[in-house]
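Hello,

Please find the structure we talked about below. My notes on what was found in it follow after that.

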Amino acid sequence: MAIFTKQILANTLKEMVKTKPIDKITVTELVEKCGINRQTFYYHFQDIYDLLAFIYRSEAVASIENQLNLKTWQEELITVIEYMRNNEALCLNTYRSLGREHLERFLHDVFDELVGRIVTEISKGKNLEDKGKVFITKFYSYALAGTLLEWLSHGMKESNEEMEKNIGTVMDGSITFGVNQYLAHKKGL
């Protein structure tokens, strides 16, 4: 029953942000729209931003689990871009609110998983230590998340396909190059 209640609250908040900024939505308004009492809300969440964190955490987990079935990193990127487009009001409202770090964490979690798998695959047999894998993963994860946050902040004017193509063009072979450069630098020390 708890997950059902949380999902009702999450879905209602996602609907409300289509017409009102997150910073202006109160717990009272949210629970009235859900038909749930305030005590129930506070049983599950500390405030609206805690609910926002739940939305991104649960959707990040679902996104990562769905990505495990995809064959290429480009398919995974398309999934994230489509999520942002399909949840544009939520993402844009989050970006412009005090809860921005939840959106950023969502993107970093998804891209850490995606890039981490790529780095692990590329570095097989190359003697790349875990510290190096983490650094390279974070570097590309931040590049991808930053690019999508910038796209969001400018109103997502480019189509999903254009974003995927632009990112794909820059990223194609880039992680392999980054792993090789990192290893070459380590050998030169």
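How much accessible surface does the protein chain have, and what share of it belongs to carbon and sulfur atoms? The accessible surface comes to about 10,600 Å², and carbon and sulfur atoms account for 53% of that area. Please keep in mind that this is a predicted model.

Overall layout

The protein chain has ten helices and zero strands, so the pattern read along the sequence is α-α-α-α-α-α-α-α-α-α. Taken along the principal axes, the box filled by the C-alpha atoms is roughly 60 × 35 × 30 Å. For contacts between residues at least 6 apart in sequence, 72% join residues that are at least 24 apart.

Charges

There are 23 positive and 26 negative side chains in the protein chain. The centres of these two sets lie 3 Å apart.

The inside

The protein chain has 189 residues, and 46% of them count as buried. In soluble globular proteins, nonpolar side chains tend to be buried together. Here the largest nonpolar core holds 58 residues, and the members that touch the most others are Leu51, Met84 and Leu148. Helix H7 (residues 100–122) gives this core its largest share, ten residues.

Leaving aside neighbours within four places in sequence, Met84 is in contact with Cys91, Leu107, Leu148, Trp151, Leu152 and Met156.

Regards

Terms used
Residues are numbered from 1 along each chain as its sequence is written. This is a predicted model: local features need pLDDT of at least 70, side-chain atom pairs count only at pLDDT 80 or more; totals for chains, interfaces and linings use all residues. Side-chain values use heavy atoms; hydrogens and water are left out. Helices (H or I, at least four residues) and strands (E, at least two) are DSSP runs, numbered from the N terminus. Buried means under 20% relative accessible area, exposed over 50%, partly exposed in between (1.4 Å probe, protein chains only). Contact means heavy atoms within 4.5 Å. Accessible areas come from the Shrake-Rupley method with a 1.4 Å probe; for residues, only the protein chains shown count as cover. Lys and Arg count as positive and Asp and Glu as negative; His and the chain ends are not counted. The place of a charge is taken as NZ of Lys, CZ of Arg, CG of Asp or CD of Glu. A nonpolar core is a set of buried Ala, Val, Leu, Ile, Met, Phe, Trp, Tyr and Cys residues joined through side-chain atoms within 4.5 Å.
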